[in-house]
Amino acid sequence: MFKSISVIVVLLLVSLAGYGQTRAELEKRKQQLEKDIAYTQRILNETQKDKSASLEELQALNSQIRNRQKLINNVNSQINVLDNEIYGNQRQIASLREKLEKLQEEYASMVSFAFRNKNSYSKLMFIFAAKDFQQAFRRIRYLQDIGEYRRKQAGYIKETQAALNAEIEKLKNNKSRQVKLLAENEKQRDVLNQDKQQQSAVVSQLQDKEETLKEKLATQQQEARRLDAAITAAIKREIEEARRKAEAAAKARGEAPAPEVSRGSSALALTPEAKALSAGFANNRGKLPWPVEAGVIVSRFGRQEHPVLENVIVDNLGVGIKTDPGAVARAVFEGEVTSIVQIGGNLAVIVKHGEYFTVYSRLKSVLVEQGDKVILKQALGVVRTSPDEGTKVEFQLWKGTVKLNPEYWLYGR
């Protein structure tokens, strides 16, 4: 029941996400989703070489299903945009046709008048029949204006006809694109159903290994708790060290320390340089590069239902990103390496960006040292490959001692 409600809520939110977006924005997002799906499919092809079901395969399948559903909703949004454009095309065509008919009627009337008064004698009689010179002058101007207006009217008719033809072509193209999108949506729905059938089969096989999965989960959760404690301790040390430095600097100036540097505060006392760095990091929310060059999110932030074990909730500290064997974790922003933590066979690098911290864990080796200044996209370490979950980096984001959802900060999410 809980899973069903969750799925409905997710689909509703996903569908609403496309509301109000332009066709260009939707197309750009569609291209990114297609890339993610192609990348995940390649991972699935690799994992399926081993005939036995694995948690790695299930995680990739779950990600594939999420992205394919997003793609279907994206295409639906594009179809809705096209519906509105087609409606607008049809109204514009009707308006232009009505305008064209009026212009043609007026032009026909003027041509008829010109035909009846085509000889010079008729025009002269019209002018000489005037009561006085002023009226005669006005009649001359009238005949001149009639000729000029007729020429302009002919031009308006050509312009309106051209606009009408262009609008008809737009309508034709939009209807053609709509037909293609509907066909694509139908195809994606078929593939989605196949993915779900495969997902059910993998879950069924993994449920037969429930005890083994529980043992592995217990080990993973224990490592996660140890990593969480180590990261929290490292960040608290940074806060305390910054507090001491700020107190010493204030004392040297003969001033009282600022309230945020009081003992026990969770706020980080920042230098002007660190404040600028922190502001720069905050301004890049939603634009940070991914911590690996290529990857797809397979485990999401926060409390999530276990993909196989019923009534088991997993609390993820960050997001798990599936990537290629031998991939390198890279800094998402400039900063300073404050700690390198080792828990079991996993290494984690903590980088400080003013009051923000990013954590890159599940590394098998590191390429930096504590105290190093790093630049954007600098290599930090090589991602570890495990038999159970393949090559996956865990990326975390903290503001002081508060964990944040990294998905909101990464580009394209």
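## Terms and their grounds

Q: What makes the pair Glu27 and Arg177 a salt bridge?
A: The closest N and O atoms of Glu27 and Arg177 are 3.0 Å apart. A side-chain nitrogen of Arg within 4 Å of a carboxyl oxygen of Glu is what the term requires, so the pair qualifies. The model is a predicted one.

Q: Where in the chain do Glu27 and Arg177 lie?
A: Glu27 is in helix α2 and Arg177 is in helix α5 (residues 133-207), and the two are 150 residues apart.

Q: Why is Glu27 called partly exposed?
A: Its relative accessible area is 23%. Partly exposed covers the range between the buried limit, under 20%, and the exposed limit, over 50%, so Glu27 belongs there. Arg177, with 25%, is partly exposed as well.

Q: What makes Arg68 and Asp195 a salt bridge?
A: The closest N and O atoms of this pair are 2.8 Å apart, and the limit is 4 Å. The pair links helix α3 (residues 55-116), which holds Arg68, to helix α5, which holds Asp195.

Q: How do you know whether Arg68 is buried or exposed?
A: Arg68 has a relative accessible area of 5%. Buried means under 20%, so Arg68 is buried. Asp195 is also at 5% and counts as buried.

Q: Why does the salt bridge of Glu407 and Arg300 tie together parts that are 107 residues apart in sequence?
A: The side chains meet at 3.0 Å, N to O. Glu407 lies in the segment after β13 (402-404), while Arg300 lies in the loop between β1 (296-299) and β2 (302-305), so the bridge joins those two parts. Glu407 is buried at 6% relative accessibility, whereas Arg300 is partly exposed at 28%.

Q: Which residues do salt bridges that share partners join into one network?
A: Lys30, Glu34 and Glu184 form that network. The count for the chain comes to 13 salt bridges.

Q: How do you know that the span of helix α2 agrees with its number of residues?
A: Helix α2 (residues 23-47) has 25 residues, which should span 36 Å at 1.5 Å a residue. The end C-alpha atoms of α2 are 36 Å apart, so the two values agree.

Q: What makes the contact between Ser386 and Arg362 a polar contact?
A: The side chains of Ser386 and Arg362 are joined at 3.5 Å, and the cut-off is N or O atoms within 3.5 Å. Ser386 lies in strand β11 (residues 385-386) and is buried, with a relative accessible area of 10%.

Notes
Residues numbered from 1 in each chain as written. Predicted model: local features only at pLDDT ≥ 70, side-chain atom pairs only at ≥ 80, totals over all residues. Heavy atoms only, no water. Helix = DSSP H or I, 4+ residues; strand = E, 2+ residues; numbered from the N terminus. Buried < 20%, exposed > 50% of the residue type's maximum accessible area, 1.4 Å probe, protein only. Polar contact = N/O pair within 3.5 Å; in protein donor to acceptor, adjacent residues only side chain to side chain. Expected span 1.5 Å × (residues − 1).
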